[in-house]
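Please read it alongside the sequence and the coordinates.

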Amino acid sequence: MGDPSEQPQEEPLDNAQDWVAEHTRRYVTSNGADGHLWKGVQTLVLTTRGRRSGRLRRNALIYGTDGDAFVVVASYGGAPENPAWYSNLAADPDVTVQVGADVFAAVARTADGQEKERLWPVMATIWPDFDDYRKKTDRDIPVVLLERR
């Protein structure tokens, strides 16, 4: 998706779940002042390009950090399939990320086995429900690194 400042002003579609969409809109319209902290954890807004529709899609996600990278978990609450945002970034890893008021272009990549083994406990410390989600599904839940361009 390149540099966000060079993007045409296309209105992204928000998550179909009303509470997630509302959180995301509050986050974006307040430059992160309302929404960066959610239930005591930090969240970011990830914008991907829909792999089928070609439309921009955005979601607020809990994050951690690993060096300069931001880390998110494609848990989907332990559902049997990956969340759409993960499938979208797997098809097009050029994404836009907003952390607080900072909006930047990033490249998304799925953590390899060793990275995931190291990062999973970090993310489960931030949001303990990740461990419960992993128990609910046979799916290998991806951990994703978002690296600033």
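Which residues do ring pairs link into a cluster? In this predicted model, the cluster that ring pairs build up consists of Tyr63, Phe70 and Phe104.

**Aromatic pairs**

- The structure holds six aromatic pairs, and one of them joins Tyr63 and Phe70 in an edge-to-face arrangement, with 5.4 Å from centre to centre and 75° between the planes.
- Tyr63 and Phe70 are both buried, and the two residues also belong to the cluster that includes Phe104.
- Phe130 and Tyr133 make up another edge-to-face aromatic pair, for which the centres are 6.1 Å apart and the planes stand at 75°.
- Both members of this pair, Phe130 and Tyr133, are located in helix α4, where a spacing of three residues corresponds to about one turn of the helix.
- Phe130 counts as buried because its relative accessibility is 4%, under the 20% cut-off, and Tyr133 is likewise classed as buried because its value of 18% is also under 20%.

**The largest pocket**

- Elements that give two or more residues to the lining are the strands β1 (13-14), β3 (41-49), β4 (56-62) and β6 (69-73), together with the helices α1 (18-29), α2 (84-91) and α4 (129-136).
- Strand β4 gives the most to the lining of the largest pocket, contributing six residues.
- By residue class, the lining of the largest pocket divides into 18 nonpolar, 12 polar and five charged residues.

**Glu147 and its surroundings**

- Glu147 is placed in strand β9, which covers residues 143-148, and Glu147 counts as partly exposed because its relative accessibility is 30%, a value between the cut-offs of 20% and 50%.
- When neighbours within four places in sequence are left aside, Glu147 is in contact with Ala69, Ala105, Ala106, Val107 and Arg109.
- With Arg109, one of these contact residues, Glu147 also makes a polar contact from side chain to side chain at 3.3 Å.
- Val95 and Glu147 are 52 residues apart in sequence, and their C-alpha atoms are 9.6 Å apart in space.

Notes:
Residues numbered from 1 in each chain as written. Predicted model: local features only at pLDDT ≥ 70, side-chain atom pairs only at ≥ 80, totals over all residues. Heavy atoms only, no water. Helix = DSSP H or I, 4+ residues; strand = E, 2+ residues; numbered from the N terminus. Buried < 20%, exposed > 50% of the residue type's maximum accessible area, 1.4 Å probe, protein only. Contact = heavy atoms within 4.5 Å. Polar contact = N/O pair within 3.5 Å; in protein donor to acceptor, adjacent residues only side chain to side chain. Nonpolar A, V, L, I, M, F, W, Y, C, P; charged D, E, K, R; others polar. Phe/Tyr/Trp six-rings, centres within 6.5 Å; stacked < 30°, edge-to-face > 60°.
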